[in-house]
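This report describes a protein model, beginning with a strand pair and moving on to a sheet, a core and charged contacts. Please keep the structure in view while reading.

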Amino acid sequence: MTNAFPSSPSAFDNPARTGPRGPLSGIGVLDLSAYIAGPYGCSLLADQGADVIKIEPPAGDNLRNYPSTLEGENRAFLGVNRSKRGIVLDLKDEADRARLLALVAQADVLVHNFRPGVTDRLGIDHAQLEAINPRLIYCAVTGYGEEGPLRGKAGYDQVLQAMTGMCVLQGKPPVPELTYGSPVDYYAAALVAAGVSSALFERERSGKGQYVGVSLLRSALTMQSARMIQAEGEAHDISRDMRSGGITGLHPTGDGYLYLSANTPHFWNALCERTGLEALARDPRYDSVRKRAEHAAELVPLLHAALTKRTALEWEDVFGEAVPCSAVHHIEEMFDHPQVRAEAMVTSIAHPALGHYRGVSRAIKFARTPGPEPFAAPMLGQHDDDVPAVPSGEESAAGMP
């Protein structure tokens with residue numbers, strides 16, 4: 001059980017936030033989620049000015065335990081939990097649960113990623129919290145949704161990639177491959193931020209909160225909306241390949257790999273001209289994306305032979321703005337990439353144990369309300385003594401005994 005909280009005007013008054021207001025300044029968010037999707041969705045809200053309080057169990061968010069080369073901290077946890085204060089509550093402890101309910105009475109948003117049924121057992125399901133705070137936006141992040149045969153199953157990014165066809169899309173038969181990193185989680189995080197923001201907007205009209213459901217299954221299928229089309233009478237296993245027959249894609253060069261895109265007539269002509277393959281641009285057999293896909297077995301070897309004459313970095317210069325392309329870079333190069341620096345996408349953040357670290361600052365740019373300065377993800381229980389459970393003199397208003 002945690003220590004008692006001191007009195008304060010509001011749990012969501014954070015004097016440590018500095019800088020301009022954001023679109024969501026004044027909005028209080030309780031983040032009970034773990035891993036990536038829910039937590040990063042809440043960080044996106046924090047970027048926009050919301051005051052986010054991350055609530056962890058005594059053992060902490062399990063993401064803290066994942067491998068990391070940082071001494072005493074986890075790189076992934078820092079990356080997806082910026083700009084939050086953090087407290088520890090054991091929701092199986094009645095006193096700590098009462099503190100949570102007091103915070104709920106003051107909050108605008110609550111986000112969690114418990115499996116369906118867990119919130120009922122903990123006494124924090126939507127119906128119970130709505131009774132305490134009818135204006136609460138209650139966002140649940142699940143693996144598979146609230147209904148159906150898989151509703152109680154734990155969902156993880158790569159599991160959903162395998163389930164929804166993303167592995168097959170990325171791999172080469174007969175062996176499928178997982179896509180890079182955690183795209184399903186991060187897209188679900190964006191859906192959390194979008195769904196919560198839309199619900200807050202609607203609340204301005206109705207005065208009422210509501211339930212917002214985001215699932216990894218919805219995320220994985222929504223990411224594939226361009227493939228997830230089946231016309232009436234169409235064969236079940238029709239080709240859904242959108243990779244342009246291999247012209248647009250990753251190619252070996254004289255040194256390194258180059259990704260290029262040449263789907264428009266302009267870019268196709270420029271690609272042929274600058275690789276010395278002008279005759280291909282004039283050939284009517286290849287004058288559309290579909291035709292080039294049909295003749296990929298003829299075209300790709302010619303393109304590869306031409307690209308081996310220079311390095312990937314040299315081709316970047318040769319193509320310039322004429323052909324969309326990039327050499328394959330390591331993420332470490334992005335910290336000081338001139339375009340990243342020009343857009344101020346990375347900032348230095350003070351941390352009580354690490355000193356400073358550099359990380360992504362804001363995902364969205366707002367001209368008039370850019371939002372406050374980001375601050376470090378919390379250490380476990382770092383703000384236990386800074387966040388009050390009930391505003392002084394308002395115990396009865398919060399519905400607490």
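Val346 stands opposite Val360, a residue of strand S11. Strand S10 (residues 346-351) pairs with strand S11 (residues 355-360) in the antiparallel sense, over six bridges. Strands (E, at least two residues) and helices (H or I, at least four) are DSSP runs, numbered from the N terminus; two strands count as paired if DSSP finds at least two bridges between them.

## Basis and confidence

The model is predicted: local features need pLDDT of at least 70, side-chain atom pairs count only at pLDDT 80 or more, and totals for chains, interfaces and linings use all residues. Residues are numbered from 1 along each chain as its sequence is written, and side-chain values use heavy atoms, leaving out hydrogens and water.

The protein has a mean pLDDT (the predictor's confidence in each residue, from 0 to 100) of 90, and 91% of its residues reach 70 or more. Over residues 1-8 the pLDDT is below 50, and this stretch has 26 contacts (heavy atoms within 4.5 Å) beyond near neighbours in sequence. Residues 391-401 also have pLDDT below 50, with 13 contacts beyond near neighbours in sequence. Where pLDDT is low, the predicted coordinates should not be read in detail.

## A three-stranded sheet

Three strands in the order S7-S8-S9 form an open sheet with antiparallel pairing. Strand S7 (249-252) and strand S9 (325-327) stand at the edges with a single partner strand each, so one side of each has no neighbour in the sheet. On average, neighbouring strands are turned by 25° against each other, direction ignored. Axes are lines fitted to C-alpha atoms, for helices over the stretch in contact, and angles run from 0 to 180 degrees between N-to-C directions.

Strand S8 (residues 257-260) pairs with S9 in the antiparallel sense over three bridges; Leu260 has Cys325 in S9 as its bridge partner. Helix H14 (residues 312-319) lies across S8 and S9, running at about 155° to S9.

## The nonpolar core

The largest nonpolar core has 34 residues, and Val29, Val109 and Cys139 have the most contacts inside it. Such a core is a set of buried Ala, Val, Leu, Ile, Met, Phe, Trp, Tyr and Cys residues joined through side-chain atoms within 4.5 Å. Buried means under 20% relative accessible area, exposed over 50%, and partly exposed in between (1.4 Å probe, protein chains only).

Among the elements that give two or more residues to this core are helix H1 (37-47), strand S4 (109-112) and helix H8 (183-206). H8 supplies the largest share, eight residues. Excluding residues up to four places away in sequence, Val109 touches several residues, including Val29, Ile137, Val196 and Leu200.

## Salt bridges

The count comes to 14 salt bridges, each defined as a side-chain nitrogen of Lys or Arg within 4 Å of a carboxyl oxygen of Asp or Glu. Lys84 forms one with Asp31, their closest N and O atoms being 2.7 Å apart. Lys84 lies in strand S3 (residues 84-88) and Asp31 in strand S1 (residues 28-31), so this pair ties together parts 53 residues apart in sequence. Both Lys84 and Asp31 are buried.

Asp51 forms a salt bridge with Arg85, with the closest N and O atoms 2.8 Å apart. This pair links strand S2 (residues 51-56), which holds Asp51, to strand S3, which holds Arg85, 34 residues apart. Both Asp51 and Arg85 are buried.
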